[in-house]
Amino acid sequence: WPILATRRRFWERVLSELDRSGLGATLRGQLRISLDAVKRYGDSPLGVAVPGDFLFDTFAAEALSRNLILREIFDRIATLRAQSNDGPLKARLLILVYLIGRIAGDVQIHGVYAKPDVLSDLLIEDLGEPAPVRAKVPGLLADLQAEGAIIEVNGEWRLQTRESAEWQAAFNRAQAQAASDANLVARHRSALLQLAIDDALAAVGTIQQGSSKTTRRIERVVGEAKQTGDGLLVRLWNGWDHPLAATLNDIKAAEVAKDATMHLVIAEHRRDELRNAIVAREAATATIQSQGVPSTDAGKEAKASMESHHAREEETAKAILRDALEKAQVFVAGGAEVGVDLARADALREAATRVLDRLYPEFTAADHAGWDRVVAQARKRTRMR
C-alpha cells in the first residue's frame, strides 16, 4: 500500500502538470493512458504494478519539440536505454527525477520528493520483490551524478542545469588542486582527528585520587610533544602520522615502576576513503568561496547542492575517524593494554587510576578523607587573624 499511495499522488500531479503545459491533449485523456498500461502490463501476474515512469513515452517527443525537456537529457535517456546491465534502470531513474522536477512547485502538498526511497517506490514493478530495486537505487544515483546528469540538494535529486554544470566544473578544478597539495590532507585530517578525540574524551579531563578525592588533571599531547603541566600525561599516537610499530616497542620498553605515561594509539583506518573525503570537502569549500553568491534560482540550487556535498563529505571523514577512535588501544607505560572492552573514555579513566601511584608514590601515606575539613578550618583561622 505505501508504494501504491506514492504512485497515485505522483500520477495525479504529473497528469495535472501535463494538462497545464498543454501536453495532455496528445495523451487523449487518462483513458488512453490506462489502455496503454493495460496493453503493456495486463498479462503480468498479480502483484505487478505500472511504474511511475510509464507516462514518459506518451509525451516525450512533444515535450522535446516544445523545449519542455532539454535535448541533452532526452538523448541521455535514449543512450542509457540502449545500454546493457543497469543502463535502462538508470534511464528510468533519470525520467523520474525529470518528472518530479516538473511537479516540485507544490511538493509540500503531495509529498513526492526525488529521494532514494520515493524513487524506489515509483520504480518497483513487482510489489512482492522490492528489495533488489531498492538496493540498486543509491548506487545508480551516484553514477548519474558522476556522469553529470543530476545533482543532490539536501538529500533530493535534481537535473543538472547550466549553472550547476559550471559549479561542477569549478569543483572538479578545485578537487584536482586539492589532491595535488601534499600537506592539505594531513593538515585537515589532524584537525578533524583532534576534534574527534576532544569529543570522545571530553568527560576525562580530571580524575580523583584516594579517600581525599584529590583532583588530578589529565593532559593530552600529540606524539612526543612536551608536557606543559604536572598532571597525568596521555600521549596520542595515530597510524597516519606516527610509526606505530616502533612506538609500541618504546611503550613496552618503558620502566613500569617510574613511568606514569598513558598512551592512546589509533591505528590507520580507511586511508584512501578518508583522503578522498577530505579532498572533496576542501574542494567544495573552495568552490563555494570562488563562485560567490548566485542570483538565479538555478544558481542558488547549484550552491545548495555544493553545500550538501560539503556536509556529506565532512560527515564521511568524521565517521571514519570516529570509527578509528572506537577501535583505538589504551596502554600504560610497560605495554599493558587497558580497557579492551570499554569505551575509550572509560579505558583512559581506568588507565589513569592504574598510574596514579607511579606519579604520586607517597600519596597513600598522607591520604585522608578529612583533609577538606582541615583546609577549611585553616582558612577560617587565617581570616580571623
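The sections below take up these topics in turn for what is a predicted model.

## Packing of helix H11

Helix H11 spans residues 244-253, and its buried residues are Leu 244, Thr 247 and Ile 251. Viewed down the axis of H11, these buried residues fall within an arc of 55°, so they line one face of the helix.

On the face of H11 turned away from the buried side, the exposed residues are Ala 245, Asp 250, Lys 252 and Ala 253.

## Salt bridges across the sequence

Side chains of opposite charge can pair when their charged atoms come close. Across the whole structure, a search finds 28 salt bridges. One of them joins Asp 53 to Arg 92, with the closest N and O atoms 3.0 Å apart. Asp 53 sits in the loop between helix H2 (29-41) and helix H3 (56-65), while Arg 92 belongs to helix H5 (residues 87-102), so the pair ties together parts that are 39 residues apart in sequence. Buried means under 20% relative accessible area; Asp 53, at 8%, is therefore buried, and Arg 92, at 16%, also counts as buried.

A further salt bridge links Glu 147 with Lys 90, and here the closest N and O atoms are 2.7 Å apart. Glu 147 lies in the loop between helix H8 (131-146) and strand S1 (150-153), whereas Lys 90 is in helix H5, so this pair ties together parts that are 57 residues apart in sequence. Glu 147 is partly exposed, with a relative accessible area of 37%, but Lys 90 is buried, with a relative accessible area of 8%.

Arg 162 is exposed, with a relative accessible area of 56%, and Glu 166 counts as partly exposed at 40% relative accessibility.

Salt bridges that share partners join Asp 53, Arg 92 and Glu 125 into one network.

## The largest cavity

Rolling a probe the size of a water molecule over the atoms shows where empty space is left. In this model, the count comes to two cavities of 30 Å³ or more. The largest cavity holds about 100 Å³ of space. Residues lining the largest cavity include Gln 145, Glu 152, Trp 167, Met 306, His 309 and Arg 312.

The elements that give two or more residues to this lining are S1, H9 and helix H13 (297-326). Helix H13 gives the most, with five residues. By residue type, the lining of the largest cavity divides into four nonpolar, six polar and two charged residues.

## The second largest cavity

The second largest cavity has a volume of about 30 Å³. Val 14, Glu 17, Leu 18, Phe 59, Leu 99, Arg 102 and Ile 103 form its lining. Helix H1 (2-21) and H5 each supply at least two of the lining residues, and H1 gives the most, with three. The lining of the second largest cavity comprises five nonpolar, no polar and two charged residues.

Terms used: Residues numbered from 1 in each chain as written. Predicted model: local features only at pLDDT ≥ 70, side-chain atom pairs only at ≥ 80, totals over all residues. Heavy atoms only, no water. Buried < 20%, exposed > 50% of the residue type's maximum accessible area, 1.4 Å probe, protein only. Helix = DSSP H or I, 4+ residues; strand = E, 2+ residues; numbered from the N terminus. Arc of directions from axis to C-beta. Salt bridge = Lys/Arg side-chain N within 4 Å of Asp/Glu carboxyl O. 1 Å grid on protein atoms, 1.4 Å probe; cavity = no way out; pocket = protein on both sides within 12 Å on 5 of 7 lines; lining within 4 Å. Points joined across faces, edges and corners; volume = space filled by probe spheres on them. Nonpolar A, V, L, I, M, F, W, Y, C, P; charged D, E, K, R; others polar.
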